[in-house]
Amino acid sequence: MKNYINQFYNEGFATTFYLKPLNYLKKTISDKHMYLIISKILKVIYTVLVLLFAIFILIYKLPF
């Protein structure tokens, strides 16, 4: 299961929408506590966007 989670956050859309902003924040923010908070918020936002995209594609492809 850990491999699937790691794959979810390191491949596909994650390189553009999660890893690049996270790497930029790592370089610019010196406070570790603030970095952890922002990285968790970014992870939640990315997860919600991917799930909404998946639901949208499911509704678009399947006729109800």
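This section describes the aromatic contacts and a nonpolar surface patch of a predicted model.

Confidence in the model was examined at the level of the chain and of its elements. The mean pLDDT of the chain is 88. A value of 70 or more is reached by 98% of its residues. Among the elements of the chain, helix α3 has the highest mean pLDDT, at 92. The lowest, 80, belongs to α1.

A search of the whole structure returns six aromatic pairs. One of them joins F8 and Y46. The ring centres of F8 and Y46 are 5.5 Å apart, and their planes form an angle of 50°. F8 belongs to helix α1, which spans residues 2-10. Y46 belongs to helix α3, which spans residues 32-61.

F8 has a relative accessible area of 30% and is partly exposed. Y46 has a relative accessibility of 5% and is buried. Y46 falls in the buried class because its value lies under the 20% limit. F8 and Y46 are also members of one aromatic cluster, together with Y9 and Y18. Y9 has a further contact, with a charged side chain. The charged end of K43 sits over the ring of Y9, at 4.8 Å from the ring centre.

The surface was then searched for nonpolar patches. A patch of about 620 Å² is made by I37, I41, V44, I45, V48, L49 and L52. Two of its members were examined individually. L52 lies in helix α3. Its relative accessible area is 51%. L52 is classed as exposed because this value is over the 50% limit. I45 is likewise found in helix α3. I45 counts as partly exposed, at 45% relative accessibility. The C-alpha atom of I45 is separated by 9.5 Å from that of F17. Along the chain, I45 and F17 are 28 residues apart.

How values were computed. Residues numbered from 1 in each chain as written. Heavy atoms only, no water. Phe/Tyr/Trp six-rings, centres within 6.5 Å; stacked < 30°, edge-to-face > 60°. Helix = DSSP H or I, 4+ residues; strand = E, 2+ residues; numbered from the N terminus. Buried < 20%, exposed > 50% of the residue type's maximum accessible area, 1.4 Å probe, protein only. Lys NZ or Arg CZ within 6 Å of the ring centre and 35° of its normal. Patch = residues over 30% accessible without salt bridge, like charges linked within 9 Å, V, L, I, M, F, W, Y side chains within 5 Å. Areas by Shrake-Rupley, 256 points an atom, 1.4 Å probe, with all protein chains shown as cover. Salt bridge = Lys/Arg side-chain N within 4 Å of Asp/Glu carboxyl O. pLDDT = per-residue confidence, 0-100.
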